[in-house]
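Please work through the following exercises with the sequence and the model at hand. Each task is followed by a solution in steps.

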Amino acid sequence: MYGQEAAAARVLESGQYGHTDVTEEFERRVADFLGVADAVAVASGTAALHAALLAGLLEQVKPAFGRLVIALVAVHALPGHEVRTLLTEDLDLSRDTLQVRRGLLRHAVYLEEFTHQLAADWLTCQHRRWPASVNPYLLVSQPSALDQERPPVSIGTVRMVFPKGVTMDGLRQDRILDEAFDKADPLHLIRLFGITAQTAMRYIKAAHPERPAKLPR
């Protein structure tokens with residue numbers, strides 16, 4: 001097989017669909033064609049807008065901790081209480097996945113290149129600053145990293161990373177609403193964000209008030 005078919009076969013054989021060597025090769029070729037240093041592949045025009053917005057936010061936030069928090073909220077629409085209690089063991093960079101624990105259930109987050117790189121940067125920073133830390137949480141701070149009780153970071157610490165005028169709740173809601181505009185499919189929202197059917201329907205109705213919104217049977 002050649003060209004697109006060969007590339008698709010390589011991705012399917014790898015079992016890794018978020019960020020592969022095929023993606024990186026495509027990005028390099030596009031960057032060379034455009035004569036720029038870097039290019040980022042995304043799945044849709046809406047995703048491209050998110051990437052641009054995310055880049056703008058990240059320009060204002062330099063610490064690795066804050067940059068990862070912003071990506072988890074702005075790209076994957078995780079609420080603050082989940083961001084602060086993510087476990088390091090549930091992050092698998094080799095498979096581009098992050099498992100979010102919700103009671104007895106788990107929601108799989110598939111990491112795109114932005115979040116994958118930011119998570120890797122944070123792990124490197126965390127190990128360098130607190131190599132002796134046994135805190136199980138993905139996000140730690142100076143007080144929590146070496147605390148014998150091994151607590152998660154406070155919600156206040158998470159909120160402090162956002163630039164003035166930007167809130168976690170607003171950013172998360174905008175992310176889900178943008179996806180609802182792009183894909184008027186409640187099942188898609190449920191699978192992507194792990195939200196309830198009722199919540200998904202609410203976003204679909206807000207994005208497309210002119211359409212009758214029903215969950216497929």
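The exercises below treat confidence, the nonpolar cores and the packing of helices.

This is a predicted model, in which local features need pLDDT of at least 70 and side-chain atom pairs count only at pLDDT 80 or more, while totals for chains, interfaces and linings use all residues. Residues are numbered from 1 along each chain as its sequence is written, and side-chain values use heavy atoms, with hydrogens and water left out.

**Exercise 1.** State the mean confidence of the protein and the elements with the lowest and highest mean pLDDT.

*Solution.* Step 1: pLDDT is the predictor's confidence in each residue, from 0 to 100. The protein averages 85, and 79% of the residues score at least 70. Step 2: helices (H or I, at least four residues) and strands (E, at least two) are DSSP runs, numbered from the N terminus. Step 3: where pLDDT is low, the predicted coordinates should not be read in detail.

**Exercise 2.** Describe the largest nonpolar core and the elements that supply it.

*Solution.* Step 1: a nonpolar core is a set of buried Ala, Val, Leu, Ile, Met, Phe, Trp, Tyr and Cys residues joined through side-chain atoms within 4.5 Å; buried means under 20% relative accessible area (1.4 Å probe, protein chains only). Step 2: the largest core has 35 residues, and those with the most contacts inside it include L68, W122 and F162. Step 3: α3 (45–60), α4, β2 (97–102), α6 (113–129) and α9 (168–182) each supply at least two of its residues. The largest share, 9 residues, comes from α4. Step 4: a second, separate core of 10 residues includes I176, F193, I195 and Y203.

**Exercise 3.** Is A71 buried or exposed?

*Solution.* Step 1: A71 belongs to helix α4 (residues 64–74). Step 2: its relative accessible area is 0%, so A71 is buried. Step 3: the C-alpha atoms of A71 and F114, 43 residues apart along the chain, are separated by 7.5 Å.

**Exercise 4.** Which residues of α9 and α10 meet?

*Solution.* Step 1: contact means heavy atoms within 4.5 Å. R175, I176, E179 and A180 in α9 meet H188, L189, L192 and F193 in α10. Step 2: these divide into 5 nonpolar, 1 polar and 2 charged, where Ala, Val, Leu, Ile, Met, Phe, Trp, Tyr, Cys and Pro count as nonpolar, Asp, Glu, Lys and Arg as charged, and the others, Gly among them, as polar. Step 3: α9 and α10 also take part in covering the buried residues of α11.

Technical notes
Buried < 20%, exposed > 50% of the residue type's maximum accessible area, 1.4 Å probe, protein only.
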